[in-house]
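I opened my notebook to walk through a protein model one step at a time. Here is what I looked up, in the order I looked.

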Amino acid sequence: MQGMPMGGRAGGGYGQQPGIILLREGTDSSQGKPQLISNINACGAVVDSVRSTLGPRGMDKLMYDGNKVTISNDGATIMKLLDIVHPAARVLAEISMSQDSEVGDGTTSVVLLAGEMLKQVKPFVEDGLHPQTIARGVRKAVDLVSARLKAIAVTPPEAMRRKRLEILAGTALNSKLIANYKDLFAPMVVDAIMALDTSLLDLKLVGVKKVPGGSVTDSFAVQGVAFKKTFSYAGFEQMTKSFENCKVLCLNVELELKSEKENAEVRISDPDDYQSIVDAEWQIIYDKLDFCVDCGANVVLSKLPIGDLATQYFADRGLFCAGRVPDQDMERVVKATGAVTQTSVLDLTRAGVLGRCALFEEKQVGNERYNVFTGCPAAKTATIVLRGGSEQFIEESHRSIHDALMIAKRGAGDARVVGGGGAVEMELSRDLRAQALEVHGKDQLIMLAIAKALEIIPTQLAMNSGFDPTDVLNALRKKHADDPEANLWYGVDCDERDSIQDTMAAEIWEPALNKANSIYAACEAACLILKIDETVRNPRSQDPGAADKSGVSLQQQQQRTSAAMGGRGMAGMMGRGGRGVRRLK
């Protein structure tokens, strides 16, 4: 009995230690320093997939999912369409989409910053420095950077409000497919933003309509509402298509004869009474139409169908009608004209029911017909109609306009701006280096690493422009070091070879809020990755052969994820890049 481990009695026997099973069979886990290095390598692979899209000379990516082709250089769009297998690398895709929803632009920059921060602190991980120490140093550096950013941000005078917004929108469009037409689109974007309620700035009230065909220069903006002609019945062509000083009635009522006989049962004792019932049904619909005509409206819109009888009735009386109007378009009409949506046709003559606009007309735009409301006194909405020769071009134009609208919206809410072209990153990097030399201990090394990571933006801008990034970066470092105050806003000149310029004077501006959000989001993503020391992948099903919704079997899923996590156990994760780390489907 000697040497028997304590607690060795199990099931009436001796000498056996009971096994403890915590995780289901098929669970794969990876942990420790190799797992952390694997995660950093995977994030580097994601960064490599988008780094060439940065800036006005960035390249586009073509993505094909088997059905649809997408051509874009928008970081959030690329991240969304990439099927990233590695579980930790998906964090970068999430911060890119978060930046897109919060600020609109800077989606590529935030991925580059996060990936470069991880790349610069990777040697500390390999040398055995605790990840919490690294994360603490990263946060300390970002706090200093944020304070410096607030100190150097410039607030232009209120008299320059419109010009400032146009410059911000133009800078956002510089890196887009429609950069050559920014003089056309930037004023459109600013007009749309300034038309909104300043207390809300709800972009849902800015409609962007896409009409294939024609030239991009045929695009136009409407200070009001424009929406595509809805489905119409016989008699539509006889309607009046244009009104001045128009009165608009908005309904959520079905003006169709068939609706009066649904879900109803009438019992009669005399067959002769049937005709009186039919006459009553017709009388009900005619009464509804009379109420609409008598209220004095010129245009009748409804979210529900307007049938052929009602269409012909309104046409005979010189009115225009449209049924099945989409909810969002109806909401914008209400906001622009001041109308109130009615759920009943009773009491339409009371004050405040009808909306008004100076001009209503039905216009031909390409192969489509649009209903356009302009000169709206209560206008709190706008519409931008995009034209283009191909579907891919129009879709990318739409994404570009969305980014410019978001930037202009942020600029309208916060007037502070900074210089673009990598100027602000160079100044933040210089200042952080100077402050890091006053710090003792390991934090100094980490802060210097973050200062170097900030230089990825001007470096990549120069590289994507076809310049020598080393020469450009050295020129910027010297310029900022010689006189930090006078040369504060010197950044990369993407038009002149190996040249730098004062981006503030060149009117290349970005919202300070955009930069602050990018830096904080990159910091949080980097710290999140650094604090992951174990990845556990649970089997998706008890059935060993079960497939997921895309038809991929469990075995194939395990192979893909295992390869992405490094493959070959610890040996696979120790490699620089790891087998499968760069696997982006």
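Entry 1: I began with an open sheet of six strands, whose order is 6-11-10-7-8-9 and whose pairing is mixed. For me, strands are DSSP runs (E, at least two residues) and helices are DSSP runs too (H or I, at least four), numbered from the N terminus. Two strands pair if DSSP finds at least two bridges between them. At the edges I found strand 6 (224–228) and strand 9, each pairing on one side only. From one strand to the next, the twist averages 30 degrees. For such angles, axes are lines fitted to C-alpha atoms, for helices over the stretch in contact, and the angles run from 0 to 180 degrees between N-to-C directions.

A note on ground rules: this is a predicted model, where local features need pLDDT of at least 70 and side-chain atom pairs count only at pLDDT 80 or more, while totals for chains, interfaces and linings use all residues. Residues are numbered from 1 along each chain as its sequence is written, and side-chain values use heavy atoms, with hydrogens and water left out.

**Entry 2: a closer look at strand 6.** Which way do strand 6 and strand 11 (residues 368–374) pair? I found them antiparallel, joined over five bridges. Gly-224 has Thr-374 of strand 11 as its bridge partner, and Phe-227 stands opposite Asn-371 in strand 11. Four of the five residues of strand 6 are buried, and the strand is mostly covered. Buried means under 20% relative accessible area, exposed means over 50%, and partly exposed is in between (1.4 Å probe, protein chains only).

**Entry 3: aromatic rings.** Phe-227 came up again, in one aromatic cluster with Phe-243, Phe-320, Phe-360 and Phe-373. I counted rings of Phe, Tyr and Trp (its six-membered ring) as a pair if their centres lie within 6.5 Å; planes under 30 degrees apart are stacked, over 60 edge-to-face, and the rest tilted. By this rule the count comes to seven aromatic pairs. The ring centres of Phe-320 and Phe-360 are 4.8 Å apart and their planes are at 55 degrees, so I logged this pair as tilted. Phe-320 lies in strand 9 (residues 320–322) and Phe-360 in strand 10 (residues 355–365), so the pair ties together parts that are 40 residues apart in sequence. Are these two buried or exposed? Both Phe-320 and Phe-360 are buried.

I also looked for charges over rings (NZ of Lys or CZ of Arg within 6 Å of the ring centre and within 35 degrees of the ring normal). The charged end of Arg-317 sits over the ring of Tyr-313, 3.5 Å from its centre. Likewise, the charged end of Lys-479 sits over the ring of Tyr-490, 4.9 Å from its centre.

Entry 4: Next I found an open sheet of three strands in the order 4-12-5, with mixed pairing. Strand 4 and strand 5 (220–222) are at the edges with a single partner strand each, so one side of each is left without a neighbour in the sheet. Direction ignored, neighbouring strands of this sheet are turned by 20 degrees against each other on average. Strand 4 runs parallel to strand 12 (residues 382–388), and seven bridges join them; strand 5 pairs with strand 12 in the antiparallel sense over three bridges. Val-385 in strand 12 stands opposite Lys-209 and also opposite Phe-220. Helix 7 (residues 182–195) packs on this sheet, touching strand 4, strand 5 and strand 12, and its direction makes about 155 degrees with that of strand 12. Five of the seven residues of strand 4 (residues 206–212) are buried, so this strand is largely enclosed by the rest of the structure.

**Entry 5: one buried leucine.** Leu-112 is in helix 4 (residues 107–126), and I noted it as buried, with a relative accessible area of 1%. Not counting residues up to four places away in sequence, Leu-112 touches Val-47, Arg-51, Leu-54, Ile-456, Ile-457 and Gln-460. I used contact to mean heavy atoms within 4.5 Å.

**Entry 6: the whole chain.** I finished by noting 18 helices and 17 strands in the chain. Buried residues make up 50% of its 585 residues.
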